[in-house]
Amino acid sequence: MKSLISPKFLSLFPSSSPKSSSFLLNSRPQTNPNFVSSLCPSFSVLNSLRCCSSSSQNMQQHPSSSSQQIEQHPSSSSGEIHVIVGPMFAGKTTSLLRRIQSESNNGRLREAIGLLFCTKVAVDWDTYALLLQDCIHRGVYEWGKRIHAHMVVVGFTLNEYLKTKLLILYCKAGKLDTACILFDELLEKSLISWNAMIAGYVQKGMEDVGLSLYHKMRHIGIAPDQFTFASVFRACASLALLEQGKRAHGVMVKCAIRQNLVVNSALMDMYFKSSCPPDGQKVFNKSSNKNVITWTTLISGYGYNGRMDVVLDLFDKMIKEGLRPNYVTFLAVLSACSHRGLVDEGWKYFSLMQNDYGIQPHRKHYAAIVDLLGRAGRLEEAYNFINSSPCKENPVAWGSLLGACRLHGNVKLLKLSANKFFEMEPENAGKYVVLSHSFASYAMWENVAEVWGLMRGSGVKKDPGYSRIEVKNKVHFFFKGDNTHKDSKDTHEMLEVLTCTSADSGYLPDFSFENVALIKSNKDTRYSLDSIVTHDGDKYPCLALHDLSSFRLKLGSSAYDELDVIGIDEAQFFDDLYDFCQRAADHDGKIIVVAGLDGDYMRKSFGSVLSIIPLADSVTKLTARCELCGKHACFTLRKTEERQTELIGGAEVYMPVCRQHYVSGQVVIETTRMLLQEKVQCG
Ligand SMILES: Nc1ncnc2c1ncn2[C@@H]1O[C@H](COP(=O)(O)OP(=O)(O)O)[C@@H](O)[C@H]1O
Ligand SMILES: Cc1cn([C@H]2C[C@H](O)[C@@H](COP(=O)(O)O)O2)c(=O)[nH]c1=O
């Protein structure tokens, strides 16, 4: 993708004069700004944008211009702490840098949009296009809508290219009414715009509309491509329209469309969901490039058709092919185990997923385990599992247990799970019905009456809310969720535009500028002091410090106040980690990302890293590959005989190992050390 900040964007603004320097430029030179800025090449450009935008001749200074806002409100966001730990070579630094970079890049976009709002004048069309493209790419559709609002406010006339960009944005955001208006306005509807509309409807669950658009498009002679077919197959799969799907497949073959992984998977899915596993299998066999998605589609497809025996075989084959299953693959496998009553196998895959593939279970995996235990009648176990796992707050898991209790006639647990069920979604009328049916099936009529009483009491079927407005002596009612009023569509469209433009008409950007800084310990002298370097050689500028308490002073308080995100690498070397993180997150509202070793070479807690776990919002423990067997490595083995805790070094001194090789390696090293000592003593 093209970089957001192009020379074109730079040329939007006249060059800056020293006099007009903005707050940020004034505040930064107190320290070398490189470690803050050079994560993203656009930083300096944005800096010049900042000063240029505030000094631009054709702009009036608005009382709430962004630089002033920042000066007054250093940080209004609430802080967060994210901790990444693991042995050496696990990818801690790489993850830290990725995280920081993405925060930083989003910050650039946010900042660029903030600046756009400060201009009060239209910018050129390809700047709008670049900004919109970036919003689409990052999935920040609300920001894209704000850019559209800016165009409306400044009276910018859209060209065909921008209309298509906006159309794609609105389709992806699921705002199909607005997308339709833009689509209708297009003088020439390109394949891209047709594809966007079709995909938009299919993604929104309006597959029939998507399909009729596809037919319309073909009718007027536009040739589809693989993106069109991916949406068409997806629609046919959802609606189980085998004949339509087959016809589209025929067209695809006739048009000699180059197949790709996405189309092939959608095609397979269509055959499996239309109860045609042999055709799905044929597509799989013919696919030249099979990856985890292709395999997972095949495995899930057989699962969907109740062929649980095939699912487990295919899973094994996939592993033998050297592919790494993903969380969807495991879902299919867990569900197969559940249907076949293979409880032990199910547990095996559940732990394999976490331990060997490092995949954290989603709520659906937990629900699948509950289902597995529930179907097998192991209800107490299922109940205890839910209570001891993160899915305690997951209504799907409780729903699954409720169904199993009903099936196996365990009234005590039925009531317990029902209570939980209601706690979570009290307004869901469907649940009351399920529960009352459950009680009725055991002729527990008192409980049935109680459920209906509860439902009435909770106001589930209460009257809908409405607004009332009088126009030209006529009173109009608009009920919540009711679109039957003849002007409902127009009213909503107008509201949509108004809510966007009114927020922006005063040019009050609520985009806070996102700035990041990276810190590492100055004890780490392996590569260079002013950079963080990963074991793969990726390098980023940083500030190397002895202690974290000096950070604010070194940076300058105003520059510190501007920061949103602070990354800390080699955290094990900072004794004041706890105090710094606590203050920066709780008091100063910073997002802190900490990477470091949780344990030293003796597997003892290293520095203060573990002490910040209770402060953290998230903790990620990464593993490396054992140098001796390739399995997951959780530990760092020191290859030399030095015994001090802190010993700077890389692969020449340390290696990541699994438990087994840590234990045996440690024995070898200890024995060698003792032998050497004996030798020295014997002279
Ligand atoms: N045994 C190993 N296991 C995993 N990665 C290794 C190993 N040896 C070298 N590497 C490389 O180290 C990189 C991780 O580097 P880095 O992010 O600096 O790790 P950390 O900060 O955890 O020490 C991996 O992407 C990989 O290319
Ligand atoms: C296990 C262990 C490591 N160290 C040092 C060695 C390195 O300089 C860093 C770790 O760097 P990485 O980015 O995580 O690879 O810590 C140490 O001093 N003592 C130890 O026990």
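Rings of Phe, Tyr and Trp (for Trp, the six-membered ring) count as a pair if their centres lie within 6.5 Å; planes under 30 degrees apart are called stacked, over 60 edge-to-face, and the rest tilted. By that rule, searching the whole structure turns up 20 aromatic pairs.

Before you click around: this is a predicted model, where local features need pLDDT of at least 70 and side-chain atom pairs count only at pLDDT 80 or more, while totals for chains, interfaces and linings use all residues. Residues are numbered from 1 along each chain as its sequence is written, chains are lettered from A and ligands numbered from 1 in the order in which they are written, and side-chain values use heavy atoms, with hydrogens and water left out.

**Aromatic pairs**

Select Phe183 and Trp194. Their ring centres are 5.0 Å apart and the planes meet at 85°, so this pair is edge-to-face. Phe183 belongs to helix α10 (residues 176-185) and Trp194 to helix α11 (residues 191-203), 11 residues apart; helices here are DSSP runs (H or I, at least four residues), strands are E runs of at least two, and both are numbered from the N terminus.

Buried or exposed, where does Trp194 fall? It counts as buried, at 3% relative accessibility, and Phe183 is buried too, at 6%. (Buried is under 20% relative accessible area, exposed over 50%, partly exposed in between, with a 1.4 Å probe and protein chains only.)

Next, pick Trp347 and Phe385: another edge-to-face pair, 5.5 Å centre to centre with 75° between planes. Trp347 sits in helix α20 (residues 343-355) and Phe385 in helix α22 (residues 379-388), 38 residues apart. Trp347 is partly exposed at 27%, whereas Phe385 is buried at 11%.

Now highlight Phe315, Phe330, Tyr349 and Tyr357, which ring pairs link into a cluster.

**Ligand 1**

Finish by selecting ligand 1 and its shell of 15 residues (a heavy atom within 4 Å); the closest are Phe89, Lys92, Thr93, Thr94 and Asp536. Oxygen atoms of the ligand are 2.8 Å from a polar backbone atom of Phe89 and 2.9 Å from one of Gly91. Switch to Arg625, where a backbone N or O atom lies 2.9 Å from a ligand nitrogen. Helix α6 gives the largest share of the shell, 3 residues.

Conventions. A polar contact is a pair of N or O atoms within 3.5 Å; within protein, one must be able to donate a hydrogen and the other to accept it, and residues adjacent in sequence count only if both atoms are side-chain atoms.
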